[in-house]
Structure formats: C-alpha cells, structure tokens
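Please read them alongside the coordinates.

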Amino acid sequence: MNLLRTTRTPGIPVLLLLLGGCGSLVESGAPAVSAVDAPAEQSDQAVAEPPPATLRAPLEAEDNPPEAAAGRPLPGAAGAPAPEVIEAADLWQRLRSHFRLSDRQLDMRRLRRFEAWYSAHPKYFERLTERARWFLPYVLDEVEKRGMPGEIALLPAIESAFRPDAVSRSHAVGMWQFIASTGRRFGLRQDWWMDGRRDLIQSTRAALDYLDFLQQEFNGDWELALAAYNAGEGAVRRQMRRNLKSGRPAHYTALKLRRETADYVPKLLAVRNIIAQPHQFGITLDPLPNRPALAVVDAKSQTDLSVAAETAGAPAERLHYLNQGYRRGTTPPNGPHTLVVPVQYAAALSAGLSRLGAEQRLRWARHRVREGENLSVIAHKYGVPVKALFDANGLTSSLIHPKRALRIPLSGRYQFAGAPPAGNDGAGAKTHTVQRGDSLWRIAQRYRVSVADLTRWNRIARDALLHPGQRLVVGR
C-alpha cells in the first residue's frame with residue numbers, strides 16, 4: 001500500500017493541571033484528546049448506555065458490518081516503500097505515517113468484503129470522525145510513545161466505536177472492551193467507586209500493556225497478538241499447537257478460529273486501508289485538528305464532577321461522560337483525583353478548585369436517624385457505602401442513636417440523577433416523583449416509555465439509584 005509518511009507535530013502535550021496555591025499549568029508529557037460534542041454509538045461488538053444528548057451521535061445498524069459481498073480491490077499493497085517524510089497537517093495524516101501492518105497473509109476475500117462494506121457506508125466514517133475528535137489524539141499519542149503500529153490506535157473503532165460507556169453481550173466494558181478478570185490482571189481498579197475499564201487514561205494504558213505483552217508472547221507477530229486480544233492467548237495457543245502437530249502452518253489465517261476472531265484483523269485492516277487512501281474508496285474524511293483537545297486536571301482531593309463542572313462553567317453531562325470511570329460521579333476518597341476535561345475549561349477548573357475547601361467539593365444531605373435505623377439501612381437509602389458514612393461523620397462505632405443528625409455525602413452521579421436536565425419543559429414533558437419501591441422499569445411501564453428513554457431524558461445510567469422524592473422527567 002502506498003502510504004503517505006508523516007511526522008507527528010511537535011509540542012502537542014496534554015496539560016496536567018496541578019491545583020496548588022497559584023493554580024499554575026504544568027506540562028506533563030501526557031497526550032491530548034479532542035473536544036467536540038460528539039462521542040457516540042455502539043459498535044458491532046458492544047452496546048452502550050446512551051450518552052447525554054449533547055454528546056450523542058445516532059445509533060446505526062450500519063456500524064455492524066455483515067459478511068458482505070466481494071468488494072473492490074485496494075490499489076497498491078501493504079508494506080510498500082513510503083515516500084519522504086513530511087510534516088503532518090492533520091490527525092489522519094499523522095495516523096497514516098504510523099501504519100505498518102501487512103495484509104499479505106490475510107484471507108483477501110474476507111478483507112475485501114469488509115472494505116466493500118465500509119466503503120458502501122460513508123456515514124460510518126462521518127460518525128467515526130466525530131468520536132475520533134475526542135479520543136483518537138490521546139490514543140495515538142500513547143501508541144506512538146510505545147513504537148507500536150498506528151493501526152493499534154484504531155482498535156477502539158472496531159471494539160467499541162470509541163465509546164467509554166460501551167458494554168458487550170459478554171460483559172466486556174469500555175472503549176477497549178475489557179472483561180473484569182483481564183482488567184484486574186492489568187491493574188484496572190473495579191470497585192464501588194471506580195471502574196478503570198471506563199477510564200480513558202487507565203484503560204488505554206492497560207490495553208497497550210496487554211497488547212505489548214501479547215506481541216512479545218507471539219514473537220512480534222501482530223496478527224496473532226490481535227487475535228489473542230480478541231479471543232485470549234490461550235485459545236490462540238491451542239490452535240497453533242493443533243496446526244503444528246498436524247504439520248500445518250501456525251500463522252493467523254491458517255488457524256481455525258471462531259468467526260469473530262477470524263474477522264477481527266481483516267476488519268481492522270479494512271478500516272485502516274480506507275483511512276490510508278479514502279478517495280480510492282469514495283470516502284471523504286473531514287480533517288481532524290492535530291492539537292490538544294482534552295486536559296487532565298489533578299483536583300488533589302475528593303471532588304464531585306458536578307461541582308467541578310459548575311466551577312469550570314462546563315456542561316455537567318460532558319464532564320460525566322468524559323470521566324466514565326468514576327462510578328459515583330465523584331473521585332474516590334483515596335484517589336485518584338484526576339479529571340479529564342475539554343482543554344478550554346482546564347484553566348478555569350484549576351483556578352476554581354484551588355479556591356474550594358474540602359467541604360465545598362462534595363454535595364451533602366442531612367439525615368436525622370429514626371427509630372430502628374442503622375448505618376446499613378441509611379447507606380442503602382442514599383446509595384452510599386457504609387464507610388462513607390463513617391468518614392463523613394467521624395464515626396468510630398456502628399452504633400447510632402435516634403435523632404442523631406448524620407451528614408450524607410451525595411455523589412455527583414446521585415445528585416446529577418435527581419436534577420432535571422435543561423430544556424425539559426417542552427411539549428409532552430411530565431414529571432414523576434419517585435415513590436418507595438419504584439424502579440426505572442416500573443416507571444417506564446407506567447408511562448408506556450422505554451427505560452432507555454428514561455435514562456436519556458434524565459441523563460442517568462441504567463443502574464442509577466433512585467430515592468423517594470426524586471423527580472424524573474417523563475417525555476419530551
């Protein structure tokens with residue numbers, strides 16, 4: 001393939017904002033992620049909770065390529081000598097400069113089918129471009145640091161359609177689609193406070209660690225490494241041993257793999273080939289700016305995402321979406337306290353948080369203990385862990401007396417769930433006050449709407465905790 005060689009534009013680090021007294025900006029060598037209102041839809045392998053409306057692009061069946069009819073051949077051949085290096089004008093050009101995987105040993109009929117399918121669905125690339133503005137610059141920067149093929153930066157496109165909230169049928173989660181055990185194996189925190197599989201920074205680090213391990217495990221064979229990323233290294237090793245035992249070759253195309261895994265590399269390289277030479281496939285790629293778009297802010301202590309949004313003057317739903325790893329809408333008490341924000345809000349957030357004390361960074365409720373209540377009952381009512389009640393009230397014993405007032409830390413996700421979204425006064429909108437025993441499913445049934453609509457209208461997750469007295473918007 002005759003791929004244009006480029007170099008990455010220097011001086012494009014993401015900002016790490018340390019909230020000291022001066023609120024100064026300190027460069028970290030961390031990369032940038034871009035800022036538009038558009039990460040969006042489910043991939044062929046994963047489904048996701050709908051993101052807030054301002055971040056959502058439409059879900060389309062055409063994100064799911066079938067086993068399509070034979071397609072046009074790709075001009076040129078992968079691995080062809082590259083022309084002289086020139087400076088990257090945009091992100092796509094920078095990405096192309098790092099393409100280096102060969103497709104010569106693939107099942108070419110399978111590859112051409114995917115090329116044909118993708119080239120017949122230009123809207124796929126329109127939506128991919130909108131999501132790539134958010135996340136591709138960061139991922140590509142990390143891939144470049146490790147000297148990996150540029151194609152690796154496109155893996156989230158086929159894994160999750162670049163959605164940090166994607167969930168597959170097999171319970172793989174996040175942009176890189178980690179199952180729980182593999183996530184733990186590569187250091188991704190998964191507890192009440194946090195799911196690192198949804199965190200852009202942590203999941204990208206873990207995915208590239210895993211891929212680096214796999215390519216070493218398979219002696220630098222990236223096709224086998226990618227197959228193992230999809231199916232597990234044990235499954236690939238078993239098929240290799242079976243082939244070698246019977247005297248057959250043990251490269252990727254020769255292995256008897258399940259269809260999803262056999263399609264995995266051809267699908268990735270089909271997208272790669274079209275991005276490499278879009279006009280040869282009748283595709284137009286809108287330029288992507290090759291500059292920082294997201295910054296990482298170190299908030300220093302536990303901080304509610306909604307408070308952070310108010311402090312920065314940023315849309316709360318955007319910060320919640322970009323920080324999916326924080327399951328309760330707040331950074332954990334013991335950290336990490338890093339917040340991913342659009343770069344235009346970073347300075348205001350840094351300066352604003354430096355003026356807030358610990359009490360002002362969280363939202364609180366006041367609860368007077370009733371007869372028969374204990375800490376477990378109260379914690380369940382407000383959707384917080386018992387330990388949070390101990391910490392917030394300086395308790396040394398679980399013994400509490402009636403009429404005692406307790407401070408309840410309300411997580412950003414909890415608080416955000418109860419607040420009606422802006423613009424909900426349009427025709428057809430109703431308000432439901434949550435009663436004891438209500439669930440999203442029960443409310444949806446009562447009003448003859450879907451749970452997906454309820455979560456979208458109220459900007460809450462499917463597993464959001466409801467509490468009596470909470471108001472939910474029903475209809476638009």
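1. How many salt bridges does a search of the whole structure find? The search finds 16, where a salt bridge is a side-chain nitrogen of Lys or Arg within 4 Å of a carboxyl oxygen of Asp or Glu. In general, side chains of opposite charge can pair when their charged atoms come close.

2. Basis of the values. This is a predicted model, in which local features need pLDDT of at least 70 and side-chain atom pairs count only at pLDDT 80 or more, while totals for chains, interfaces and linings use all residues. Residues are numbered from 1 along each chain as its sequence is written, and side-chain values use heavy atoms, with hydrogens and water left out.

3. Overall content. The protein has 17 helices and twelve strands; helices (H or I, at least four residues) and strands (E, at least two) are DSSP runs, numbered from the N terminus. Of its 476 residues, 54% count as buried. Buried means under 20% relative accessible area, exposed over 50%, and partly exposed in between (1.4 Å probe, protein chains only). Among contacts (heavy atoms within 4.5 Å) with a separation of 6 or more, 72% are between residues 24 or more positions apart.

4. A salt bridge within one helix. Arginine 112 and glutamate 115 meet through their side chains in a salt bridge, at 3.0 Å from N to O. They are separated by about one helical turn, because they lie three residues apart in helix α2 (residues 108-119).

5. A salt bridge from helix to loop. The closest N and O atoms of aspartate 209 and arginine 146 are 2.8 Å apart, and the two residues form a salt bridge. This pair links distant parts of the chain, 63 residues apart: aspartate 209 belongs to helix α6 (residues 200-217), and arginine 146 to the loop between α3 (122-145) and α4 (155-159). Aspartate 209 has a relative accessible area of 26%, so it counts as partly exposed. Arginine 146 is also partly exposed, at 33%.

6. A salt bridge between two helices. Glutamate 217 and arginine 237 form a salt bridge through their side chains, at 3.8 Å from N to O. Here too the pair links distant parts of the chain, with glutamate 217 in helix α6 and arginine 237 in helix α8, 20 residues apart. Glutamate 217 is partly exposed at 31% relative accessibility, and arginine 237 is partly exposed at 27%.

7. A network. Salt bridges link Arg94, Asp141 and Glu144 in a network.

8. Helix α7. Which residues of α7 are buried? They are Trp222, Glu223, Leu224, Ala225, Leu226, Ala227, Ala228, Tyr229 and Asn230. The helix (residues 222-231) is largely enclosed by the rest of the structure because nine of its ten residues are buried. Its buried residues pack against α4, α6, α8 and α9.

9. Backbone geometry to check. Most residues other than glycine have a negative phi, and most peptide bonds are trans. The peptide bond from glycine 335 to proline 336 is cis, with omega near 5 degrees; proline 336 is in the loop between α11 (316-322) and β8 (338-342). Phenylalanine 162, although not a glycine, has a positive phi of about 60 degrees. Its place is in the loop between α4 and β6 (166-168), and phenylalanine 162 is buried at 0% relative accessibility. Histidine 171 also has a positive phi, near 70 degrees. This histidine 171 is in the loop between β6 and α5 (180-185) and is exposed, with a relative accessible area of 59%.

10. Strand β6. Serine 168 lies in this strand and is buried, at 8% relative accessibility. Its C-alpha atom is separated by 9.6 Å from that of phenylalanine 178, ten residues apart along the chain.
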